[in-house]
Amino acid sequence: MRIVLVLLVLQVSTLLTANAWYASMERQWVFASESSACVYWQLGEISQEALSQGEYGTTEELGLSTTVTRKPRWSHLHRLTGLTPDVTYYYRMVAVDTLTGSRSESEILTFQTEYKADAVRLPGNLEGPPYVLDQPGAY
């Protein structure tokens, strides 16, 4: 009976930690370009660390993911690549506890890529390198 109780306490503790990490994923931002996006988030306290990855796709089933980070950290940045312009993408942030391997997942969120007709494409419409980005109002 004592062993079961200890195991139950460990599971509850892990769930509390996972929920705390999920709640702390509120400090986040996403920036989407035509063909990629950057997703950033932080864990609650600067002393917290976890491995992380981003999961994404064109449906709520996601299906694509970034590489899991090699070292645990408090601040997480993942670049989602190979995206298509003018498409809604679904994504979630994932933190992985290095001690237990348990995953904390954000809710599934969305962002929209957008084709920009006046975008400066490198090296498409600029001579260089070096590239001089001096066209006012351009993306």
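Which residues do ring pairs link into a cluster? Ring pairs join Tyr89, Tyr91 and Phe111 in this way. The points below set out the surroundings of this cluster.

1. Basis of the note. The model is predicted: local features need pLDDT of at least 70, side-chain atom pairs count only at pLDDT 80 or more, and totals for chains, interfaces and linings use all residues. Residues are numbered from 1 along each chain as its sequence is written, and side-chain values use heavy atoms, with hydrogens and water left out.

2. Overall fold. Helices (H or I, at least four residues) and strands (E, at least two) are DSSP runs, numbered from the N terminus. In sequence order the pattern is α-β-β-β-β-β-β-β-β.

3. Burial and surface. Of the 139 residues in the chain, 32% are buried. Buried means under 20% relative accessible area, exposed over 50%, and partly exposed in between, with a 1.4 Å probe and protein chains only. The accessible surface of the chain is about 9200 Å², and carbon and sulfur atoms account for 57% of it. These areas come from the Shrake-Rupley method with a 1.4 Å probe; for residues, only the protein chains shown count as cover.

4. Contacts along the chain. Contact means heavy atoms within 4.5 Å. Among contacts between residues at least 6 apart in sequence, 57% join residues at least 24 apart.

5. The nonpolar core. A nonpolar core is a set of buried Ala, Val, Leu, Ile, Met, Phe, Trp, Tyr and Cys residues joined through side-chain atoms within 4.5 Å. The largest one has 14 residues, and Val39, Leu80, Leu83, Tyr91, Met93 and Phe111 touch the most other members. Strand E2 (36–42), strand E6 (88–96) and strand E8 (109–112) are the elements that give two or more residues to this core. The greatest contribution, four residues, comes from E6. In soluble globular proteins, nonpolar side chains tend to be buried together.

6. Strand E6 and its partners. Strand E6 is largely enclosed by the rest of the structure, because seven of its nine residues are buried. Two strands pair if DSSP finds at least two bridges between them. E6 pairs in the antiparallel sense with strand E3 (residues 51–57) over seven bridges, and Glu55 stands opposite Arg92 of E6. The pairing of E6 with E8 is also antiparallel, over four bridges; here Tyr91 faces Leu109 in E8.

7. The E6–E7 hairpin. Strand E7 (residues 103–105) pairs with E6 in the antiparallel sense over three bridges. Val96 has Arg103 in E7 as its bridge partner. Six residues lie between the two strands of this hairpin, and Gly101 in the turn has a positive phi of about 80°.

8. The aromatic pairs. The structure holds three aromatic pairs. Rings of Phe, Tyr and Trp (its six-membered ring) pair if their centres lie within 6.5 Å; planes under 30 degrees apart count as stacked, over 60 as edge-to-face and the rest as tilted. The Tyr89 and Phe111 rings have centres 5.7 Å apart and planes at 15°, so this pair is stacked. Tyr89 lies in strand E6 and Phe111 in strand E8, so the pair ties together parts that are 22 residues apart in sequence. Tyr89 is buried, with a relative accessible area of 4%, and Phe111 is buried at 7%. Tyr91 and Phe111 form a tilted pair, 5.6 Å centre to centre with 50° between the planes.

9. Tyr91 in detail. Is Tyr91 buried or exposed? Tyr91 is buried, with a relative accessible area of 4%. Not counting residues up to four places away in sequence, Tyr91 touches several residues, including Val39, Glu55, Leu80, Leu109 and Phe111. Tyr91 and Leu64 are 27 residues apart in sequence, and their C-alpha atoms are 9.2 Å apart in space.

10. An exposed position in a strand. Arg79 lies in strand E5 (residues 75–81). Why does Arg79 count as exposed? Arg79 counts as exposed because its relative accessibility is 54%. Beyond residues up to four places away in sequence, Arg79 touches Ser36, Ala37, Cys38 and Thr66. Arg79 and Ala37 are 42 residues apart in sequence and 5.7 Å apart in space, C-alpha to C-alpha.
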